[in-house]
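A short walk through some side-chain pairs would be enough.

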Amino acid sequence: VDVHDTAFNEKLRMRRRLRELWRMVATIWESSSDIIAVSVKSSKRRQNKGGCAATVMVSPTLEQLERAIFSSSSSWTPASKQQQSSSRKRRDLGYAKAVVFELEAADLSVAPKQTSSFSYVKEEFDSEHDSYRLKNDNNRVNPKRVRQIELLGMNDDTSTTRDTMMTSQHHNGVRQEGNIAMAELLVRAWHVPEEEKMLVHDIERKDPITGKKKRIRCEAKVMRLDEDSIIVVARDETDKYRSYQAEKLVIMERTARVKDMEGNRFMKHEVKNGLLNALGLCDQLRGSDGPISDGATTTSEHKQDCTSDARKCMSELDLTLREVLDTILAQSMARDVMHGSYAPKVERVNDIIAVLHGVRGQPNQRFPFVTSPSPLPVFMADPQLLRFVHKNAISNACKYGKRGGPVTTDISFKDNEITMNVTNLPGPYHEALVRMGNSARKAVFEPGNMLHPDLGEGQDLASLNQSQTHSSGDGGWIIKKCAKALGGDCSIKFHESRTVFTLRCPAKFERKMSIGNQSDSEYLDASDFCIPSNTWGIGIDDSRVQRKLLAKMLCLCGIHEDKTRVLGKSNQEIMEFENIMLTTVRENPEDFVFVIVDENLDIDGDDTPLTVSGSHSVERVRKLLNSEEEARLLCLVRSANDSRDDLALYSSRAHGYIPKGPVLKRDSLLQLIAPCWIERFGV
């Protein structure tokens, strides 16, 4: 009976349950990573006697908020860190100190603020170290009668120490800031009318030494137990908020980048098309034998002079247009390289001097050009990237080297690798650059870095702050990215007597092989290539000049004029392009069909012009053909837009891509067409 009464006694069972509940709550109180605060309002009788309006008890995890306030502060001294470490050790041993403070009626009546801000004034007394205290603010909630309750393990006993004062003035400031922040959060929580609500509370602190501001974002859940008691669970969400802001910044940068790429794509397409049309007109005028006449009677000699002058003007206009086109393509390519969207275009490089110096430039006494071996063998590389890197290297050598001094270009080809050295004589501040050593070599290729403005006379080199050399000069950085796009790398060395810029990149040696042995070749010799006579040619472009060029290209490929059809003269021809392709393929079951389609075909809409995608039209036609019919079709997209994403899109919709450029000679044109034809149909 005694055992039964002991086991099933209601009072003893209730005590055991309360003890278990107490231990569970104590475990949550001590182990939770969140800051838990319990606040209870005092009775009106006590308030009338001058007592507090509410009492607040905060869990020991308040230390996390205090550490977050000072975690990156310059005034966070090693001594304070040791004190925090010893405090954490005491918690690990089971000694958890909760903070208890009181709020007066005047504090609870203050309009709740969303941000706790802390600023400091310097203490005026003799000390080896600067000391600071919080500024007084009449509008700030100041907790009263702050004390600590130490929970000894999981026992029921508690001991209190009233108004504990730390020996470290700095650490006392940390505790004071944490208490004020929690007090202001509790004031906001008491003004919440709902039973449960989420609050966002910011803590802003200004470092008294550096003047930097730090913001901590806390998220708090307020739960009202009854009319006179609430529980607030707060959590430091600073990292989450910063992550969100970083993601937001990435999205903004990505959006700006996409807009920049779209603008670059539009500029490249429109400007390049306009220049190509102008070059086409120049080619047509140059091929015309009719002299320019004003209708008056002219002598034969005068007619010859007019014709000669007209041809000179046409040649000069052609060179000017090609020069402008090269500039536009170089700038567009540089943007694509910066965004990582440029796809290198490997071509035959026959004359490296002509490639690097452009349409007008030639080596002279100031810019000597040396090759090893001489002449260089024909190799495969991206000529536009090579020209851009060389042009910027020459420009920097002239700008920062000896004024009017020689700039030598030395190119060697060995083991399928191109090495290009651009050497100039020392210029201003060269000795300072030599003394900087590796730091100068690295800084040249950093984005926005330009060393020379900070290398003034009499300046101490040790005090040089490279982070303050930002300017609009990103040339070295872009050159570095171009070298990476070539599959190589670049460097610069400041020697005592010269500066040497070096580019190294792979370049495949051209092995001329016949079409029958093409499998082992690096380069296909297309001089003997010829499109079969049973081939139909279809071209489409919305530009009159480009349509003439398409007709010329199909003729140079060897397609008979009777089997050639060039479309795009009217909106109807563009809209019927797919039906014409289908009809041509199906009505000629024994013949091949070769199609060159412009990617952007503009037609006049009801209100605004519309653009039809040529590659999308090809994709739809290919889906309508059966496998036998589609096997006789070769469709190539011709476009001014040639980024990596564009080329991937063309390859997924059509069979290949050819660049839109000036009029090509037959050998150059077949060099583009032959690999696509052989890959599609075989030899």
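The model is predicted, so local features need pLDDT of at least 70 and side-chain atom pairs pLDDT 80 or more, while totals for chains, interfaces and linings use all residues. Residues are numbered from 1 along each chain as its sequence is written, and side-chain values use heavy atoms, without hydrogens and water.

The whole structure holds 13 salt bridges (a side-chain nitrogen of Lys or Arg within 4 Å of a carboxyl oxygen of Asp or Glu). One of them joins lysine 660 to aspartate 541, with the closest N and O atoms 3.6 Å apart. Lysine 660 sits in the loop between β28 and α21, and aspartate 541, 119 residues away, in the loop between β22 and α15; helices (H or I, at least four residues) and strands (E, at least two) are DSSP runs, numbered from the N terminus. Both residues are buried, where buried means under 20% relative accessible area, exposed over 50%, and partly exposed in between (1.4 Å probe, protein chains only).

Helix α18 takes part in two such pairs. Its arginine 620 reaches glutamate 578 of helix α17, 42 residues apart, with a closest N and O distance of 2.3 Å. Glutamate 619 pairs with arginine 653 at 3.8 Å; because these residues lie in α18 and α20, the bridge ties together parts 34 residues apart in sequence.

Helix α17 also contains threonine 584, which is buried at 14% relative accessible area. Beyond its neighbours within four places in sequence, threonine 584 is in contact (heavy atoms within 4.5 Å) with Trp536, Ile538 and Val593.
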